[in-house]
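The stops below follow in order.

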Amino acid sequence: HSHANAMMGNTKSALYRLEAEIIDLHKAGNSYSKISERLDIPRSSVQSTIKKVAHFGTAETLSERGRKQ
């Protein structure tokens, strides 16, 4: 478990930045397809991030859930 947690810590801030960028692009009126092309990520990732934010209010909220380390 400690290895997985260490790996997660390294990617968390990058994930927040990516999610924030997805949200910004979406708010600017870009389609899921345009966002996925621009960020070179799967369209499904764009869609799930936007749905997550719509449900929880921010992308960070979901990432903060779970057991604290």
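Is Glu19 buried or exposed? Select Glu19: at 3% relative accessibility, this residue counts as buried, where buried means under 20% relative accessible area, exposed over 50% and partly exposed in between (1.4 Å probe, protein chains only).

Before moving on, note that this is a predicted model, in which local features need pLDDT of at least 70 and side-chain atom pairs count only at pLDDT 80 or more, while totals for chains, interfaces and linings use all residues. Residues are numbered from 1 along each chain as its sequence is written, and side-chain values use heavy atoms, with hydrogens and water left out.

Helices here are DSSP runs (H or I, at least four residues), numbered from the N terminus. Lys52 is also buried, with a relative accessible area of 15%. The count is one salt bridge, defined as a side-chain nitrogen of Lys or Arg within 4 Å of a carboxyl oxygen of Asp or Glu.

Then select Asp40, in the loop between α2 and α3. Asp40 has a positive phi of about 55°, although it is not a glycine. This residue is exposed, at 70% relative accessible area.

Finally, colour by pLDDT, the predictor's confidence in each residue, from 0 to 100. The chain mean is 80, and 68% of residues reach 70 or more. Confidence is highest in helix α2 (residues 32-39), at a mean of 97, and lowest in helix α4 (residues 59-64), at 52.

Note on methods:
Helices (H or I, at least four residues) and strands (E, at least two) are DSSP runs, numbered from the N terminus.
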